[in-house]
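Here's a quick briefing to read alongside the sequence and the 3D view.

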Amino acid sequence: MVKMAIMCGFTVPNDLKAFLDDESGASDGLEFTFPYYGVSRSFLRAHDKINGFLTNFGGSRTPEQEEELDAFELQLYLDFPGLPQQAGPSATASPKNSVVIHHTSTAFYYAGLVFFQRSVRDAPVAAVQDLVELGLQELESIDQAGQGALGCLMLWPVLILGAECGESALQQRMRDWFQAQRRLGFRNLVVLEDLVATVWRARAASGANETDADWRRFIAQARYDVFRL
């Protein structure tokens, strides 16, 4: 639940997230257990850091804070996920497991970059479309590798990448992805698709302010009160 709290943006006491800085290797690498399949410790550590930036850094930042953000951003981009060394106990039973895990961790990587740019750097939607497309390719690759039977176990990257689709071609690919997932029968996917479409409509409205069309403003509504990940 600590990992879930971090991904949902909650403040977590230091003693509960000590595993993020564990140098023994016991908690390193990728997760292979439900529902954190493909999530890395480095991703969680970076996301926790972003949560801290959003809490502690105001609109007007000091030169020291900007320097800290620059160093963090560089590390964030450099932390591209490598191929998993192993894919857990089921690897021998499912040769495609490593491929799916890699695409999942890479989807988280690109979604994390998009989230940082949009939430911390306040980048406009247009500035992150290349990253969104790269992340969307990973979601599509998961579906292809799983032959339509896997989806994406953790929906956080779907939320970020879907909501930040600003180009019509990317939005159509996102619609196609949601359409393909309907066979899985998960209600939270239906709600998430509605949320993403609502963000798109708000952003497309004449004279809309991008701040008003932020998915974080909509997800607090009762209609989207579902298990967000």
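Of the chain's 229 residues, 49% count as buried. Keep in mind that this is a predicted model. As for secondary structure, you're looking at 9 helices and 0 strands.

**The chain overall**
- Walk along the sequence and the pattern reads α-α-α-α-α-α-α-α-α.
- Take the contacts with a separation of 6 or more: 69% of them are between residues 24 or more positions apart.

**Cavities**
- How many cavities of 30 Å³ or more does the count come to? The count comes to 3.
- The second largest cavity has a volume of about 40 Å³.

**What lines the second largest cavity**
- The lining is made up of F115, R118, S119, E164, D214, W215 and R216.
- By residue type, the lining splits into 4 charged, 2 nonpolar and 1 polar.
- Because Phe and Trp count as nonpolar, F115 and W215 are the nonpolar pair in this lining.
- Which helices each supply at least two residues of this lining? They are α4, spanning 97-119, and α9, spanning 215-218.
- With 3 residues, α4 gives the most to the lining.

Conventions: Residues are numbered from 1 along each chain as its sequence is written. This is a predicted model: local features need pLDDT of at least 70, side-chain atom pairs count only at pLDDT 80 or more; totals for chains, interfaces and linings use all residues. Side-chain values use heavy atoms; hydrogens and water are left out. On a 1 Å grid over the protein atoms alone, a cavity is a set of points where a 1.4 Å probe fits but cannot get out, and a pocket is an open set with protein on both sides within 12 Å along at least five of seven lines; lining residues have an atom within 4 Å of a point. Grid points are joined across faces, edges and corners, and a volume is the space filled by probe spheres set on the points. Helices (H or I, at least four residues) and strands (E, at least two) are DSSP runs, numbered from the N terminus. Buried means under 20% relative accessible area, exposed over 50%, partly exposed in between (1.4 Å probe, protein chains only). Contact means heavy atoms within 4.5 Å.
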